[in-house]
Amino acid sequence: MAVANPDTRRQQWSAGSYNTHARFVSDLAAGVVEWLAPKQGERILDVGCGDGVLTAELREMGVDVVGVDASADFIAAAQARGLDARFMDGEALDFNREFDAVFSNAALHWMPKADAVVSGIARALRANGRFVAEFGGHGNVAAIVTAMRAVGERHGGDLSLANPWYFPAPQVYQTLLEHHGFSVRRIALIPRPVVLKTGIEGWLMLFRKPFFAQFGEDAEQALAETIDLLRPALCDADGNWTADYVRLRVEAVLS
Ligand code: BEZ
């Protein structure tokens, strides 16, 4: 089995590449922002704020918003928008009872230490504060993960690099929230097929480069084989690719 160098296992973010291949992520956030229902003057923490596009929208709604992210490139992009954006790992949040709400869009699946994340969110909230988030739920990108695992097995790769994410089922996440003192108001899995305007290759290289990089000079071959396996499931007759996203959306209140 190939063993990847620890440095190459980590997801590296580039704000430019994200803007090209994944702008749809913040564009599709209207539903979760509706659940957040931000009020003018509220102090809100945006966990995993990325390049700050959505954080800036919250600020335009009159919110006193703080964004945090564990990518220096994203934080630089968010600060360039004039946001209060801080370099901080979502698995080690360092706030104490200062927010009316904690918000997160399309970020928590990158934080597998979910217990530490929820604990930090609970600590960041004032009494009766709310937590509203959307991220990958159980079954998210299942076809993509399965294709990568098949190629990984074929080439003797490290299969854990095919699925580094946290995609919980609703009941599992509800139990975790309750354990940290939250009452769940609503929670739902939402199928969300997403048309990939720049195709599947851009998506795979943006989100799973470490999986392919482990194959060294065979990386291109592994990528081509993954795309071949995915074509019947995710590519239509006109050559349009659709990613099999499933979201988990939740609203909970600290009780
Ligand atoms: C998502 O936003 O659901 C997602 C992003 C990257 C990898 C997998 C899922």
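A polar side-chain atom of Arg-247 sits 2.4 Å from an oxygen atom of the ligand. The protein covers 99% of the 260 Å² of accessible area that the ligand has on its own; such areas come from the Shrake-Rupley method with a 1.4 Å probe, and for residues only the protein chains shown count as cover.

A word on the model before going on. This is a predicted model, where local features need pLDDT of at least 70, side-chain atom pairs count only at pLDDT 80 or more, and totals for chains, interfaces and linings use all residues. Residues are numbered from 1 along each chain as its sequence is written, and side-chain values use heavy atoms, with hydrogens and water left out.

**The ligand and its shell**

Which residues are around the ligand? They are His-109, Trp-110, Asn-140, Trp-165, Phe-167, Trp-203, Phe-207, Tyr-245 and Arg-247, where being near means having a heavy atom within 4 Å. This shell divides into six nonpolar residues, two polar and one charged. Here Ala, Val, Leu, Ile, Met, Phe, Trp, Tyr, Cys and Pro count as nonpolar, Asp, Glu, Lys and Arg as charged, and the others, Gly among them, as polar. Helix α10 (199–213) and strand β7 (241–254) each supply at least two residues of the shell; helices (H or I, at least four residues) and strands (E, at least two) are DSSP runs, numbered from the N terminus.

| Residue | Distance |
|---|---|
| His-109 | 3.5 Å |
| Asn-140 | 2.9 Å |
| Arg-247 | 2.4 Å |

**Helix α9**

Next comes α9, residues 170–179, in which Tyr-173, Gln-174, Leu-176 and Leu-177 are buried (under 20% relative accessible area; exposed is over 50%, partly exposed in between, with a 1.4 Å probe and protein chains only). These four lie on the same side of α9 because they cover an arc of only 160 degrees around the axis, taken from the directions from the helix axis to the C-beta atoms. On the other side of α9, Gln-171 and His-179 are exposed. The cover over the buried residues of α9 includes α7 (114–124), β5 (125–136), β6 (182–196) and β7. Just after α9, Gly-181 takes a positive phi of about 90 degrees.

**Glu-201 in α10**

Back in helix α10 we find Glu-201. Leaving aside neighbours within four places in sequence, Glu-201 is in contact (heavy atoms within 4.5 Å) with Leu-223 and Ile-227. The C-alpha atoms of Glu-201 and Leu-223 are separated by 7.8 Å, although these residues are 22 residues apart along the chain.

Conventions. Polar contact = N/O pair within 3.5 Å; in protein donor to acceptor, adjacent residues only side chain to side chain.
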